[in-house]
Each structure stands twice: as structure tokens, then as C-alpha cells.
Amino acid sequence: TTVSNPESARFWWKIAYIGIITIPFTFLHFVLEFIDNTFLNRYKNRIIVLLYGFASVFLFLNLTTDLIINDITFLFNELYYNSPPAPLHSYFLVLYIFLTLVAFYLVYREYKKKTHDALFRSQVGYFFIAVVVGYTGASMNFLPVYGIWVHPATNVTVVFGSALIAFAILR
């Protein structure tokens with residue numbers, strides 16, 4: 001965030017984290033809707049309620065406490081960054097990675113089962129490329145929080161990843 005003081009930057013990081021926090025939960029929700037798995041369909045509504053329950057807890061903690069974003073550091077001679085990690089940031093990051101891997105696994109498992117569904121397999125191919133591109137670029141944003149000074153210019157890959165997912169859906 002490019003603002004003139006650390007307190008404003010901290011406020012805007014908390015606002016930006018609303019989107020960051022919702023990513024793994026909405027991504028897994030998307031995957032649950034995208035795949036057609038008889039077993040998961042039986043429990044899908046419960047899983048989705050549980051997902052958004054966890055998301056709500058993290059959103060609430062993000063906006064009302066300093067447990068996810070606390071300190072702000074001026075980096076790259078141009079912007080403030082949420083660094084070092086606050087007490088619950090690492091737990092959120094682990095959950096973020098876990099939910100993303102679960103989503104990947106579920107799509108991969110459906111891909112392996114549907115060997116004769118050319119359209120689905122094509123969509124999944126674009127899906128995997130899009131998600132790898134988008135998540136790789138976006139995940140670089142977590143590195144400065146942990147003292148690995150990588151410029152967040154890789155954010156642009158999220159746009160490419162989103163465009164590929166849209167293409168896969170529309171195809």
C-alpha cells in the first residue's frame with residue numbers, strides 16, 4: 001500500500017486482507033461446485049457453511065484485532081508492508097495452503113476419474129495452468145511478511161490466472 005504513514009498503511013492492509021482471507025475459502029467453494037462428486041455432494045452444504053464460518057472468524061479477527069496484521073515496515077523505498085507476521089498470520093497461511101492443496105487434490109482426483117470427458121479434462125488443464133500462474137504470483141506477497149524481500153510486482157499474474165479460469169469456464 002502506498003500511503004504516507006504506517007498507521008494508514010496498516011488500516012489499508014487490513015482492508016486488503018479481506019480479499020486475501022476470502023481467497024482460499026471461495027476457491028475451495030468454487031472447486032466443490034465445479035466438480036461433480038457424489039460423496040462430496042452429500043456433504044457440500046455443510047462443508048461450505050464450515051468454510052465460511054472459518055473465513056468469518058479470520059475476517060473478524062483481522063478487522064478487530066492485531067492478531068493477523070500488526071506491524072508495518074517500509075520496503076523497497078516505495079511502500080509499507082505488513083511485516084513481521086502477527087501472532088495468527090502463520091496459522092492463516094497454513095490454512096490458506098491447506099485449503100488450496102485440498103482444492104487441487106479434489107480437481108485432480110476428478111480429472112483422473114473422468115478419462116472419457118474431453119471437455120472436462122480440457123477445462124481442468126486450463127484450470128491448473130491458471131491456478132498455478134495466479135497462486136504463484138500471489139503467494140509472493142506472503143514472502144515479505146516473513147522477511148524475504150521479494151517485490152510484489154508478481155501480483156499481475158493473478159489477472160492472467162483469473163482470465164484463464166474464465167476462459168476455461170466459458171469454453
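Where does α2 bend, and by how much? The bend of α2 is at Lys 44 and comes to about 55°, taken as the angle between axes fitted to the seven residues ending there and the seven starting there. This is a predicted model, in which local features need pLDDT of at least 70, side-chain atom pairs count only at pLDDT 80 or more, and totals for chains, interfaces and linings use all residues. Residues are numbered from 1 along each chain as its sequence is written, and side-chain values use heavy atoms, with hydrogens and water left out.

Helix α2 covers residues 38-64; helices (H or I, at least four residues) and strands (E, at least two) are DSSP runs, numbered from the N terminus. Among the buried residues of α2 are Leu 40, Lys 44, Ile 48 and Leu 51, where buried means under 20% relative accessible area, exposed over 50% and partly exposed in between (1.4 Å probe, protein chains only). An α-helix has 3.6 residues a turn, so residues three or four places apart point the same way.

Helix α1 takes in residues 6-34, and Phe 11 is part of it. Phe 11 counts as partly exposed because its relative accessibility is 45%.

Strands β1 (residues 72-75) and β2 run antiparallel and are joined by four bridges; strands pair if DSSP finds at least two bridges between them. Phe 74 stands opposite Tyr 80 in β2. The hairpin of β1 and β2 has three residues between the strands, and Phe 76 takes a positive phi near 60° there. In β2 (residues 79-82), Leu 79 and Tyr 81 point one way, Tyr 80 and Asn 82 point the other way, and all are buried.

Technical notes:
Expected span 1.5 Å × (residues − 1).
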